[in-house]
Amino acid sequence: MKQLARTEEALPLGPNTYYEGDEDSTTWDEDKIYGCVCDSSWSVGLGSGETQEPEWFGPDCSQRHCPSADNPRTVAIETDCYNVTAANSLYKGKSGNLCQVDCANQGICDYRTGTCQCFDGQYGLDCSEIQPTAVYEVWNS
């Protein structure tokens, strides 16, 4: 656990994370081998070009985030995590840091498969495309 806590992509995100006792003591589990950092196809962290959440998540890393994009129906840039505090952390994203916005907030993410079910009027892998006649057939049948 001691070495795992020092990896940059370990959650909660933060610089210089340590998980150990004082110089003359130890924590009961610092030398245990149990713990995980979930895999991700994108860089995870608080720096520029990094996303604050990994692709795979959950206690056993079995859930998968959906494609991320800005909501096309707002003027805000939801994927901009500059100065946004990371989940369960005290640290904020640097300039160019990215927030994970499943399905552009215009659909429902199936975390088992990592695929979006877009709301009516939206389409695309990340639900960021607008088409007023687009209809999600399963919901309307």
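Let's start with cysteine 81 and cysteine 99, which form a disulfide with their sulfur atoms 1.6 Å apart. Keep in mind that this is a predicted model. The torsion about that S-S bond is 95 degrees, making the link of cysteine 81 and cysteine 99 right-handed. Both cysteine 81 and cysteine 99 sit in the loop between β2 and β3, 18 residues apart, and both are buried.

How many disulfides turn up in a search of the whole structure? There are 5. Count the bonded cysteines along the chain and you get the pattern 1-2, 3-7, 4-5, 6-8, 9-10.

Another of these bonds joins cysteine 38 to cysteine 61, with 2.0 Å between the sulfur atoms. Here the S-S torsion is about -80 degrees, so this disulfide is left-handed. Cysteine 38 comes from the loop between α1 (2-5) and β1 (56-57), and cysteine 61 from the loop between β1 and β2 (63-64), so the bond ties together parts 23 residues apart in sequence. Cysteine 38 is buried at 16% relative accessible area, and cysteine 61 also counts as buried, at 17%.

Next up is the disulfide between cysteine 103 and cysteine 116, 2.2 Å from S to S. Its torsion is about -100 degrees, so it is left-handed. Cysteine 103 lies in the loop between β2 and β3 while cysteine 116 is in strand β4, so the pair ties together parts 13 residues apart in sequence. Both cysteine 103 and cysteine 116 are buried.

Now look at arginine 112, in the loop between β3 (107-110) and β4 (115-118). Arginine 112 has a relative accessible area of 67%, so it is exposed. Its C-alpha atom is 10.0 Å from that of tryptophan 56, 56 residues away along the chain.

Note on methods:
Residues are numbered from 1 along each chain as its sequence is written. This is a predicted model: local features need pLDDT of at least 70, side-chain atom pairs count only at pLDDT 80 or more; totals for chains, interfaces and linings use all residues. Side-chain values use heavy atoms; hydrogens and water are left out. Helices (H or I, at least four residues) and strands (E, at least two) are DSSP runs, numbered from the N terminus. Buried means under 20% relative accessible area, exposed over 50%, partly exposed in between (1.4 Å probe, protein chains only). A disulfide is a pair of cysteine sulfur atoms within 2.5 Å.
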